[in-house]
Amino acid sequence: MLRYLYADELHKFPDLADGMFRDRADQFKTRLGWDVHVNKKGEERDQYDDLNPLYVIWEEEDGSHGGSMRVLPTTGPVMINEVFGHLNGGQPVCSPLIWEVTRFCLSRTASPHTAGAIMLSGGEMMEGFGLTHIAGVFDARMIRIYRLIGSSPVVLGTEGKGRDQISIGLWPYSADDCNRVAERADIPRELSRLWFKTAFGIGRHHRFSLSA
């Protein structure tokens, strides 16, 4: 199932949180060789994890971390502006209707539909919170994954070649994309919406509204 958890709620699910940060270290440091910091606990964390972001986490049937991504509003500090802003000509992406997703991570033992489920959460957030776009930073390998899932971004800028290629892009809201991603992930939209409503309630409030 999909869980939507703010950083200050992760203590309620310690094993899930531990698995997420350890899988991030395994993916970004060990497998991809990125220049990221891994602490003594074997966790990959950075300064954006200190901003009480929203995490979308796929929880496997045994309670373990299958995959996840981190969400922050572009009205505050985000990687696409502070780290990769040059890829967009120095023009910051800043809008209460655009949120950034980063650290898209899959465990080595992730279920086949995990990537699609996490992408589907982006559509649920856009639909539920009235967002116009999701923004993100991604490497070359993700372009193929996005196509298979059924939702590809509009690329704003790219640097590097081959495996070292890094891009930033925007995913506009599309009901058709949401339905296509759900179908390919083999997850009924009714179930996906239920997970979303369970996390945020009928009013569908989010904490980012205070800073947007």
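Contact here means heavy atoms within 4.5 Å, buried means under 20% relative accessible area and exposed over 50%, with partly exposed in between (1.4 Å probe, protein chains only), while helices (H or I, at least four residues) and strands (E, at least two) are DSSP runs numbered from the N terminus. What you have open is a predicted model, in which local features need pLDDT of at least 70 and side-chain atom pairs count only at pLDDT 80 or more, although totals for chains, interfaces and linings use all residues. Residues are numbered from 1 along each chain as its sequence is written, and side-chain values use heavy atoms, with hydrogens and water left out.

Stay with α6 (residues 189–200), whose twelve residues reach 16 Å from the first C-alpha to the last, close to the 16 Å expected at 1.5 Å a residue; the expected span is 1.5 Å times one less than the number of residues. Which residues of α6 are buried? Colour R189, S192, W195, F196 and F200, which are the buried ones. They cover an arc of only 125 degrees around the axis, which puts them on the same side of α6, the arc being that of the directions from the helix axis to the C-beta atoms. On the face turned away from this buried side, select the exposed residues E190 and T198. Just after α6, G201 takes a positive phi of about 80 degrees.

Next, select L54, which touches Y4, L5, Y6, M69, R70, V71, M125, F200 and F208, not counting residues up to four places away in sequence. In the largest nonpolar core, which has 35 residues, L54 is among those that touch the most other members, together with Y4, V71, W99 and M125. The largest share of this core, eight residues, comes from helix α3 (residues 114–129). A nonpolar core is a set of buried Ala, Val, Leu, Ile, Met, Phe, Trp, Tyr and Cys residues joined through side-chain atoms within 4.5 Å.

Finally, follow I168 into strand β7, where I168 is the bridge partner of V137. Strand β5 (residues 133–139) pairs with β7 in the antiparallel sense over seven bridges, and two strands pair if DSSP finds at least two bridges between them. Strand β7 (residues 166–172) is mostly covered, with six of its seven residues buried.
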